[in-house]
Amino acid sequence: MKRGILFALLSGALVLLIAIGLVITAFVQPRLVVRLLEITPRPSGSFGRHLSPANSNAEIIARANPAVVTVIALRTIRPDILLSSSSTPEPPLPPEWPADPRTQRGYGTGFIIDPAGYLVTNDHVIRDADRIKIKLADGRECLAQLQGTDRLTDIALLKIEADNLVALPLGDSDVVEVGDPVMAIGNPLDYEHTVTSGIISAKGRKVYYDPPFEDYLQTDAAINRGNSGGPLLNHAGEVIGVNTIIRVDGRGISFAVPSNVVKRVVAQLRTRGFVARGFLGLRAQTLTPEFRQALGIGNLTGVLVATVNPDSAASRAGIQPYDVITHFDGQPITGTEDFFSTVANTMPQREVEIEVIREGQALRLRATLEQRQESASFSLPPLPPGRRQPSLRLGFSVRENTPEVQRALRLGVQKGAASGGVIISAVEPLSAAEDAGLAVGQIILEANRQTIHHLADFNRITEQLRDGDVLMLRLSSPQRQDPPLVALRIGRD
């Protein structure tokens, strides 16, 4: 007992002496005390978390590289095809001539998304390939089977049989912000596993102006030929985009398919081999201020229905031209790109609710979507299309629509041209009519939703217009792909 008390007293005295020594040292040599108390944390081994700034990129790439592959697309070109393209005629090869095709090799990049052997690349990398070879990061080579492809997003899903595969996780591209740092891994110009870095330059870029209007990520990370199909990584080591498109006429302008789009596409390619997209069967246009005034809808957001395909999901639902679609299956619609993207990303055969404004009244219609064909065009029906305005006070002039007038305008008799209406015979340069896209030869079928049979009908309607009024036209342009509706404001700005 006495020994324990004595030991406690000695320990307390020692601690007191050390404390007094530190206090004195702090006054005499403060820097020494700072060094004694300084604690240097060890870098964590957790991937993508708490990495030391000097090694973060290196560690991310070290972990991601094993999942990045070289995609080799092999295409055979037979000698008889080569000879047929020659400028010097050659005799055809005899049937018994041994096959000696030349092999064309195309190179791209891909990355593994599942250790079971599934990997993603671009459709254009493997399109029309007779064989697809995959070279893994460790040097192994194997043949790949095409599981499915989607040309509209340029995504292809391949499957290989190999052991000990490393997969890359697909991140959330919706949370990516402009200015975020990114890295790309690929095989540009056959330099395998080249790493480049940059930032997200922009989001929501429209690269292809056809449905389904997917948004692309723009980056200034160096992307060259051969990078196609490779991953664009964030600083957590996640794939937030698939490098797909470069601007050959610029520098530092490249585009990637967002990972959230890739998730949707891959899920369908894995189960059915293709991507099924919803299809309504109508043509929509952006609501301009002129359309808003003509329809009396104020600042309402949505899209204007220009035409509806006969016997389509839209026509069966009761959607009509001049309807304004404000909501699709509960989601507000802000514009044509938003509308087509939302429809396309809805599964066919699904019944959806569509909210429209018609003649100032709100209606709720139900439609069962069809499946969009890959060849389906944004400009759907060859029905009365058109755009633009009347008389030179409006920026253009019109004449009766007759074969004689068409020949006088050196248009020829247009095949498929609508009968009746009036034909635009002149458009004033730099006018609102020209800005709206009116062109000589277009046929005006309706003006302010009234049918035009003859020139007198058109004059009667337009003579009542005053400066500031809006004229809405329905046009037919048999030889052009112009929007069928146009609205312009009378008078000059």
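Reader: Across which strands does helix 3 lie?

Author: In this predicted model, helix 3, residues 56-64, lies across strand 8, strand 9 and strand 11. Helix 3 runs at about 35° to strand 8.

Reader: How is the pairing of strands to be read, and in what order do the six strands close into a barrel?

Author: Strands of a sheet pair through backbone hydrogen bonds, either parallel or antiparallel. Here six strands close into a barrel in the order 8-9-10-13-12-11, with antiparallel pairing. From one strand to the next, the twist averages 45°.

Reader: How many bridges join strand 8 to strand 11?

Author: Two bridges join strand 8, residues 181-186, to strand 11, residues 231-233. Leu233 in strand 11 is the bridge partner of Met183.

Reader: Which strands does helix 6 lie across?

Author: Helix 6, residues 259-272, lies across strand 12 and strand 13, and runs at about 50° to strand 13.

Reader: How is an aromatic pair described, and how many does the structure hold?

Author: A pair of aromatic rings is described by the distance of the centres and the angle of the planes. The structure holds three aromatic pairs. In one of them, the ring centres of Phe339 and Phe340 are 5.3 Å apart and the planes stand at 65°, so this pair is edge-to-face. Phe339 is buried, with a relative accessible area of 1%.

Reader: Why is the pair of Phe396 and Phe458 tilted?

Author: The planes of Phe396 and Phe458 are at 50°, so the pair is tilted; the ring centres are 6.4 Å apart. Phe396 belongs to strand 22 and Phe458 to helix 13, so the pair ties together parts 62 residues apart in sequence.

How values were computed
Residues numbered from 1 in each chain as written. Predicted model: local features only at pLDDT ≥ 70, side-chain atom pairs only at ≥ 80, totals over all residues. Heavy atoms only, no water. Pairing = 2+ DSSP bridges. Helix = DSSP H or I, 4+ residues; strand = E, 2+ residues; numbered from the N terminus. Axes fitted to C-alpha atoms, helices over the stretch in contact; angles between N-to-C directions. Contact = heavy atoms within 4.5 Å. Phe/Tyr/Trp six-rings, centres within 6.5 Å; stacked < 30°, edge-to-face > 60°. Buried < 20%, exposed > 50% of the residue type's maximum accessible area, 1.4 Å probe, protein only.
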